[in-house]
Amino acid sequence: MTDSAIDYMAVFRALPGMMALLTPELVYADVNEEFVRVSGRSRDQLVGHYLFDVFPDNPNDPASTGVRNLEASLYRVLATGERDAMALQRYDVEDPERPGEWQERYWSPVNAPLLGPDGKVVLILHRVEEVTELIRARGRSGGGRGGRSRVLEAELYTRARELQELNERLRQAHSREREVALALQQAMLPDRRQVSHHHRAAVRYRPAVGALNVCGDWYDLVDLVGGHRVGVSVGDVVGHGLGAAGVMGQLRSALSAASRVAEGPAQALDVLGRYAHVVDGAESATAVTTFIDFDRHTITYSSAGHLPPVLVHPGGRAEFLDGATDTPLDARPDPIPRPQAETSFTPGATLVLYTDGLVERRGEDIDTGLARLSNALYRNRDQDPETLADTVLLELLPPGGATDDTALIIVRL
């Protein structure tokens, strides 16, 4: 039987567990038959109605946390696009046949996102398993031990609540760390508007999805001494969070300073490698730097273990600048001079530097990602740098966001 021959609506309605589809506004879009049966509400009382209007908090129990916990879980799914399994919840429900009378009920909910083509959450699959009878059976079991079972039941429920509260505190701590790391990165990276105004360039930084995946990708563009020259660089620090962001700032600043006095990009990376040797967390960091001479129409470049820049010629041909690739920073105990190469360009060409989050995908050969980048640059070669940067990110990054940071800098030559 093919997928097209399966009536998925009928499958959804017949699923044995309680299932509901919620809109991002937390309105019931659909429910299956089991949800109708167990909840004691008709489809008309559910579909089209706000979840917490149908199932509000028990006004007779001010300490109840069921609504608050469920609401927090659903908004987490909307914010992260990730599945959220909740701890055992006590969530009392008003008796549909006796308004004002509330039934003590226990539930085990799981909330999962359904993503649209743009990677945003369009629906939430709300699956609920009622465990009220199980909890009550524990209290009734064991004859004379019933009291002890009831104590164990209460202890289990208490521990589940404590675990959920602990998980929520951890999520908040991780969220704060992510916000601080992003703020730190933004403060240390060159301002987009200043770069674009002075150099016909566009820069972009996209953090990885997930609360813990803020990494150490960076970009830089500096004026060089002597003639009409600029230095353009990108780099990638191994690791996540505040530590990686801090190392990123140190390496970017060091390379920026070294580029202003170095004879060429290889010497600038030599200096940076020696500096990285004394910076904790800089092990295996990569970087590539290019010196653009607008008077001579040349690009001199050197790479410390980084993916090659792309020179897009006016006709659309993409040339990967891979003639001077060496080991990552701090890879050798005793550094030796790094290689350096030079190529010429025609005015109107485009230089593109990027980090691996743009092209690498799990289970895919890196050449596939590089070909995807080359093709996108060819098809959109006539766009201005700002538009081209947005187009490249849109075409190459996964709809839900990449699992690694992405730094991108595009310079029209």
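A: Contact here means heavy atoms within 4.5 Å. Keep in mind as we go that this is a predicted model.

Q: Thanks! Which residues does Ser 259 touch, not counting residues up to four places away in sequence?

A: With those residues set aside, Ser 259 touches Val 222, Leu 224, Ala 268, Thr 289 and Phe 291. Ser 259 itself is found in helix 9, residues 241–261.

Q: Is Ser 259 buried or exposed?

A: Buried means under 20% relative accessible area. Ser 259 has 5% relative accessibility, so it counts as buried. Its side chain reaches the backbone oxygen of Leu 255 at 2.8 Å.

Q: Ala 268 was one of those contacts. What should helix 10 span, at 1.5 Å a residue?

A: The expected span is 1.5 Å times one less than the number of residues. Helix 10 (residues 265–276) has 12 residues and should therefore span 16 Å; its end C-alpha atoms are 16 Å apart, which agrees. Ala 268 is among the buried residues of this helix, as are Leu 269 and Leu 272.

Q: Now the sheet: what is the order of its five strands?

A: Strands of a sheet pair through backbone hydrogen bonds, either parallel or antiparallel. Here the sheet is open, with antiparallel pairing and the order 9-19-18-14-15. Strand 9 (201–206) and strand 15 (318–320) each have a single partner, so one side of each lacks a neighbour in the sheet. The twist averages 15° from one strand to the next.

Q: How many bridges join strand 14 and strand 18?

A: Strand 14 (residues 310–312) pairs with strand 18 (residues 350–354) over three bridges, and Val 312 stands opposite Thr 350.

Q: Which helix lies across strand 9, strand 18 and strand 19?

A: Helix 12 (residues 385–396) does, running at about 30° to strand 9.

Technical notes. Residues numbered from 1 in each chain as written. Predicted model: local features only at pLDDT ≥ 70, side-chain atom pairs only at ≥ 80, totals over all residues. Heavy atoms only, no water. Pairing = 2+ DSSP bridges. Helix = DSSP H or I, 4+ residues; strand = E, 2+ residues; numbered from the N terminus. Axes fitted to C-alpha atoms, helices over the stretch in contact; angles between N-to-C directions. Buried < 20%, exposed > 50% of the residue type's maximum accessible area, 1.4 Å probe, protein only. Polar contact = N/O pair within 3.5 Å; in protein donor to acceptor, adjacent residues only side chain to side chain.
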